[in-house]
Amino acid sequence: MFVYRFVYLAFFLSASAKFIWKHHNNEELPLVLEEVHQKCPNITRVYALSEPSVRNVPLYVIEFSDTPGFHQPYKPEVKYVGNIHGNEVLGRELLLGLADYLCEQYLKTDPNIMTLIHNTRIHLLPSMNPDGWQLSTNFGGQDYLLGRGNNHSVDLNRNFPDLDAITFEFERLGINHNNHLLKDVTRLAAPLEPETRAVIRWIMSIPFVLSAAMHGGDLVANYPYDESRSGALASEYSASPDDDTFKEIAMAYANAHADMASVNRPGCHVNGPDQSEAYNFGKQGGVTNGADWYSLKGGMQDFNYLATNAFEITLELGCKKYPLENELENEWNRNREALLAYLWKAHIGIKGIVSDDTGFLENAIISVVNLTGHTPKPIRHDVTTGVYGDYYRLLTPGRYEVTANHPGHYPAQRIVTVPQRQSSARILNFKLEPIRYEDGALFFDPPFIRYQHVLGDQPRIYKRSLFEKVTNTLLEAKDTPKQ
Ligand SMILES: [Zn+2]
């Protein structure tokens with residue numbers, strides 16, 4: 001349906017439209033994306049997520065790639081999501097500006113931008129919450145909370161399935177299983193909102209490697225976990241198995257930003273109710289662990305990491321949630337290099353293809369042990385291969401043992417060194433040998449069973465999985481019983 005709408009909209013567009021820094025409303029937002037597409041038709045595609053907002057506003061995405069619409073092996077997929085809280089609007093405008101900038105620089109044959117687009121598939125969702133944006137804007141945009149939620153007043157960044165609770169329970173039980181946990185969900189704390197369902201479907205259908213969600217109200221790059229293990233409401237560092245990598249990618253944004261990582265800048269809340277400098281994030285390099293700041297359940301960031309292969313951080317883009325129109329261009333200048341530096345982080349670590357004599361192996365499991373320090377340290381978060389047998393494993397510089405596993409095949413292991421500076425991930429392919437039954441493999445447990453999702457003979461705590469129900473029934477539901 002939206003295809004026809006674009007044809008209609010395109011009628012009003014001029015090919016030489018210049019991007020203007022302003023607060024674009026929900027009608028203007030797709031026009032900007034369509035203008036960019038008209039200027040750069042060969043490297044862009046505009047699409048909408050599977051369902052619109054509560055008030056029926058489509059959730060538009062613009063994609064940049066030299067093969068728009070198609071995933072290609074060795075080419076990592078990245079996304080930026082803006083305006084999750086409707087009254088936090090800077091990310092929305094920065095993503096519209098970024099779309100225009102990528103296109104313009106590509107047309108000017110900027111070598112960095114051309115290399116980035118030829119080697120990365122980039123998706124920009126400027127507004128996940130157009131209804132909240134409308135409500136906030138109708139009331140002048142300056143209320144601290146009005147328009148934060150969607151049109152059912154639900155906070156979308158608390159509405160994702162709480163996979164932290166599952167991984168923390170596995171940890172307590174000594175079960176080594178920390179990825180693709182959506183199938184272990186047995187109940188949802190609240191019905192999924194349409195915007196959440198649309199984004200979950202999107203997250204589950206594209207093999208994203210890297211992502212950032214954009215907010216406002218502070219100036220910091222926040223990384224998983226957002227939820228504390230003990231239930232503490234604040235000040236409890238909640239490390240994920242990829243803590244080192246998350247710190248590195250969060251710092252990549254903070255350090256390339258004009259002053260996110262500056263120790264001399266004032267904190268956002270010096271004049272707030274507590275008059276404290278307790279959370280002046282500039283003094284800690286512009287980054288924070290989520291739960292070390294404050295704990296939240298049902299956030300999108302941890303969902304990405306625990307349900308898929310994607311690493312997501314949360315960007316608080318400034319003290320003001322709803323900056324004035326005449327401040328937007330300056331904010332763009334302060335964020336531009338950071339936005340680009342972060343996209344390049346999709347190219348750190350290793351990537352490769354897992355195959356056997358018959359072809360690509362989908363859902364092969366890539367496990368990593370960090371050999372850099374004195375004692376080998378397993379990173380207890382595996383990634384899996386996609387339809388082309390391809391995987392992407394973000395890693396910090398160092399030495400690693402990498403194992404590829406696939407049911408019915410002997411595992412393969414290799415040692416790899418990840419260098420200090422990378423503009424492209426090290427390629428590490430695996431060709432696996434099928435287990436031959438004449439070897440007697442049927443009669444003993446092959447060693448790789450330990451690594452598999454099936455947990456060997458360990459007890460399953462979630463006996464009846466709601467995976468099918470969550471991905472199908474709940475996602476299909478058209479009505480939400482809220483309000
Ligand atoms: Zn927010």
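Residues are numbered from 1 along each chain as its sequence is written. In this predicted model, local features need pLDDT of at least 70 and side-chain atom pairs count only at pLDDT 80 or more, while totals for chains, interfaces and linings use all residues.

**Confidence.** pLDDT is the predictor's confidence in each residue, from 0 to 100. The chain has a mean pLDDT of 89, and 86% of its residues reach 70 or more. Contact means C-beta atoms, placed from the backbone, within 7 Å.

| Residues | pLDDT | Contacts beyond near neighbours in sequence |
|---|---|---|
| 442–471 | under 50 | 36 contacts (beyond four places) |
| 477–483 | below 50 | 9 contacts |

Where pLDDT is low, the predicted coordinates should not be read in detail.

**Overall.** The chain holds 12 helices and 17 strands. These are DSSP runs: H or I of at least four residues for helices, E of at least two for strands, numbered from the N terminus. Of the 483 residues, 47% are buried. Buried means 20 or more other C-beta atoms within 10 Å of the residue's own; exposed means 12 or fewer, partly exposed in between. Of contacts between residues at least 6 apart in sequence, 77% join residues at least 24 apart.

**Core.** A nonpolar core joins buried Ala, Val, Leu, Ile, Met, Phe, Trp, Tyr and Cys residues through C-beta atoms within 7 Å. The largest has 111 residues, with Ala99, Leu124, Ala221 and Ala250 making the most contacts inside it. Helix α3 (residues 90–107) gives the most, 9 residues. Domain 1 (2–347) and domain 2 (350–451) both contribute, so this core lies between them. Those bounds come from an automatic or database domain assignment. Beyond four places in sequence, Ala221 contacts residues including Ala250, Tyr253, Met260 and Ile313.

Conventions:
Two residues are in contact if their C-beta atoms, placed from the backbone, lie within 7 Å.
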